[in-house]
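Hello,

Here is the structure for your files. My notes follow below it.

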Amino acid sequence: MHLRNLTVSDLMTTALVTAHERETVSVADFNMKLAAIRHLPVIDDKRHLVGVLSNRDFLRELGRTGRKEAPVHQVMTKRVITVRPEQPAHEAAALMLEHRIGALPVIGERGQLVGLITETDFLRLAHEALGGVRMEGL
């Protein structure tokens with residue numbers, strides 16, 4: 001596939017680790033560390049996306065209160081920019097650059113969370129494009 005034709009679905013991660021909005025920040029932080037990730041989509045009881053918790057959100061809360069027991073919904077970013085799977089990947093990259101964010105939740109036709117596209121996904125693509133060699137584990 002030519003790079004100009006790549007869509008969000010070509011690059012996004014679909015095996016997601018999520019947080020529930022009522023979960024504590026300490027549980028979410030543990031899960032982020034365990035999965036070696038920096039962004040957690042936050043869902044409600046109906047599994048709808050309600051926010052994103054980033055490592056920056058966590059550090060801001062820790063610096064502000066010194067506590068990790070706040071519920072995720074009090075700490076997460078609530079105004080989340082999302083993309084659709086069929087959107088061109090370059091549009092997702094442009095949004096991430098414009099808003100200086102490291103991840104975009106991917107929302108399906110019915111508003112459900114179907115994936116996450118991150119700066120790491122774009123770095124992986126750049127590595128392959130620049131080196132021409134796919135490395136195992138990337």
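What is the order of the 3 strands in the open sheet? The order is β1-β2-β3, with mixed pairing; strands here are DSSP runs of E of at least two residues, helices are runs of H or I of at least four, both numbered from the N terminus, and two strands pair if DSSP finds at least two bridges between them. Because β1 (19-20) and β3 (49-54) each have a single partner strand, they stand at the edges, and one side of each has no neighbour in the sheet. β2 (residues 39-43) pairs with β3 in the antiparallel sense over 5 bridges, and Ile43 has Leu49 in β3 as its bridge partner.

This is a predicted model, in which local features need pLDDT of at least 70, side-chain atom pairs count only at pLDDT 80 or more, and totals for chains, interfaces and linings use all residues. Residues are numbered from 1 along each chain as its sequence is written, and side-chain values use heavy atoms, without hydrogens and water.

Helix α2 (residues 25-35) has Val25, Ser26, Ala28, Asp29 and Met32 as its buried residues (buried is under 20% relative accessible area, exposed over 50%, partly exposed in between, with a 1.4 Å probe and protein chains only). They cover an arc of only 160° around the axis, so they lie on the same side of α2 (the arc is taken from the directions from the helix axis to the C-beta atoms). Phe30 and Leu34, on the other side of α2, are exposed. Just after α2, Ala36 has a positive phi of about 55°.

Regards
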